[in-house]
Amino acid sequence: MAERFETESRKLLGRLRDAMAGDDPGQARLDKITQLIANSIGCEVCSIYLFRDEETLELCATEGLNPDSVHQTRMRLGEGLVGRVARRRQVVNTADAPSARGFRYMPETGEEVFSSFLGVPIQRLGESLGVLVVQSKQAREFSADEVYALEVVAMVLAEMAELGAFVGEGAAMGARHSQPVMLRGTVAQEGVAEGRIWLHEPRVVVTNPIADDPHRELERLTEAVEELRVGVDKMLSLAADKEQAQVLEAYRMFANSKGWMRRMQEDISNGLSAEAAVEKEQSLARARMGQATDSYLRERLSDLDDLSNRLLRILTGQGADTGAEMPADPILVARNIGPAELLDYGRNLRGIILEAGSVGSHAAIVARALAIPLIVHVDRATLEALNGDHVMVDGEQGIVHLRPDDTVVTAFRDKMAMQAKAVERYASIRDKPAETLCGSVVSLHMNAGLMADLPSLEGSGAEGVGLFRTELQFLVRNQMPKRSELSALYARVLDAAGGKPVVFRTLDIGSDKVLPYMKPNDEPNPALGWRAIRVGLDKPGVMRMQLQALIRAANGRPLTLMFPFVAQYEEYTRARAEVDKAMEREARLGHVLPEALKVGAMLETPSLAFSPQKFFEEVGFLSIGGNDLKQFFFAADRENERVRRRYDTLNVSFLSFIERIVERCTQTNTPLSFCGEDAGRPVEALCFAAIGLRSLSMRPASIGPVKSLLRRSNLDEVRRVIADARHRGDMSVRPAIMNYLRDQG
Ligand code: PEP
Ligand code: MG
């Protein structure tokens, strides 16, 4: 029985291929296909519904329904049985369609006489393209074999659609990958860029979905899986640590999975080529991945997805070594990317577009360090983009213009030209101080975290590095860095700074920053959990190692360091004691001690602002970590898109709070600076200066715009605007400041 079924299935696929071979236009091909399927399965009706737009399905071809309803009958995603198949990406198989949940009667089609309904999604690698339906008068459920056969056919249709087989006269379907597309996402690093698409994982194109010779295809699959297994074993033998080995073990389990292999062999026996079989199983896994709520299951499905990609590359010879050349102006598109891989691309990239990712992800941190515009959460980016496509990234609005038309290109280039002019203007004040019209001088420093940042010290006009985030070195590696490596690196940072001050912040991990080689803690609320100095004090090994590395790197030069996330006085004194201990130890070991040592704390929790006077007297300096401080002040998660922009930094309550910190530091002569992202926003920086901050640290690209505004401003006037706004009871001083700036031109 099974064999007869396989023969039937192969015969149908063979006929489909013949139907595709002619020069027929797209619509004629679709018509022929519905006819072939209806005859072969022995049903009165076969219809193909394709997406018109993201939300609408259209009947594009039918055998058996009223021909006049073709291109007339439409339904929304989720509407009726067809809409349900498309939304859930699951088969609907019923003997009594009119009574099935969700059924919607389409009078123009004449379908009321058909009782049985079988609909399968037409999908390719998780992208839903449409629905293939068969219907019959006889009330019966379709057998598992029939469902399976229709799925195989749907798979072939999806591949053909990808190859543009249904495009043309009377267009059943628009040509894919040729129209302009606008995609939206979330800005993770600002900036605008124009360039050509470079896919991190090139799209594999399957040109032969139907097998000519199933025996040969089975052999090809076996050979490719063998190559895959050897590859995974090799990776496993090179695994750097236990954690990585565990991930690879899971890979090996899948690569050796009999179930996976058997399903692909069945697909081939039913007429698919080896690569189409791999893709069919991959599509099913992706559909399940979209629905899995269990994170463990999702991860395993994602492993399977990755293995399928590798297998496809082996089978098609496409992939990393396609010989395709990276364009001169590459804009990277990926589902997601790790920080180390991003560093490998380095500054070559003009922009980055990610489907997943998050504003606080490691990749985002690296993109920021490299000053490359990054947009995350861009749905469908890897599906819509092809290598070499023209693209414009608007990292201010969070918009990607893929294959833009001329009007968009002109408008976008105007915007880029205006920005380039501004950059020129900033360069002309690079060596001038940020001195306001009323004579106050604000010192501007830059934030850094990678060696790659250091060249910006010269170009930006920063007076030094106000925040060196040391965790980046830990995040971009697969294993804990050694003390000697760290010390060499910190020494290079100090060398590159050429005598300008550098404030090293000790390891700030936990919360959103999870080291790949450390066991993640399952905490109910990581931002309020075991992070930063809390980890350093409870498990001081790494902190001690880092302190030693810093002292050795300074090698007699001045050393400035600060501890992140200090919430109470005692945490600072304990950490400070560790520094003293490290100094003593290093002296005993005969190392040269720094000629001057400054030890400070980051003020990132409101509690620290209310600590005893003694703390302010004792601490070497304070740096306000506004990103964290603001999230705790307003109780609004900085990682949560829904709330992270809800409260304005220029809200009078927050400004008053910062002002209070400035006052306390003034009383005790404690040096104070602000190093959160807000310091790099010109209007915010202006208000901070007006309430008394005299040191700001920001990303290098912000120094020009901030300095330019400060040099044109009078802080006495700004103070008056703030006072008036407070007096009126404004919620935020922003509107008043913006009006004032507008009046000033
Ligand atoms: C901050 O919280 O403002 C800060 C500078 O530290 P990070 O962004 O690294 O948490
Ligand atoms: Mg912080």
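Asp 628 is buried, at a relative accessible area of 3%. Buried means under 20% relative accessible area, exposed over 50% and partly exposed in between, with a 1.4 Å probe and protein chains only. The model is predicted: local features need pLDDT of at least 70, side-chain atom pairs count only at pLDDT 80 or more, and totals for chains, interfaces and linings use all residues. Residues are numbered from 1 along each chain as its sequence is written, chains are lettered from A and ligands numbered from 1 in the order in which they are written, and side-chain values use heavy atoms, without hydrogens and water.

- Glu 604 sits in the loop between strand 20 (597-603) and helix 20 (606-609), and Asp 628 in helix 22 (residues 626-633), so the pair ties together parts 24 residues apart in sequence.
- Glu 604 also counts as buried, at 2% relative accessibility.

- Helices (H or I, at least four residues) and strands (E, at least two) are DSSP runs, numbered from the N terminus.
- The sheet is open, with strand order 3-2-1-6-5-4 and antiparallel pairing; two strands pair if DSSP finds at least two bridges between them.
- Strand 3 (74-76) and strand 4 (92-94) are the edges; each has a single partner strand, so one side of each lacks a neighbour in the sheet.
- The twist averages 25° from one strand to the next.
- In strand 1 (residues 45-53), seven of nine residues are buried.
- Strand 1 pairs with strand 6 (residues 127-136) over six bridges; Leu 50 has Gly 130 as its bridge partner there.
- Seven bridges join strand 1 to strand 2 (residues 56-63), and these strands form a hairpin with two residues between them.
- Ile 48 stands opposite Ala 61 in strand 2.

**Helix 24 and helix 27**

- Helix 24 (residues 682-690) packs against helix 27 (residues 734-743) at about 100°, with the axes 11 Å apart.
- The two helices are therefore roughly perpendicular, a class that covers 65 to 115 degrees; under 35 is roughly parallel, over 145 roughly antiparallel and the rest oblique.
- Axes are lines fitted to C-alpha atoms, for helices over the stretch in contact, and angles run from 0 to 180 degrees between N-to-C directions.
- Contact (heavy atoms within 4.5 Å) involves residues including Leu 686 of helix 24 and Ile 737 of helix 27.
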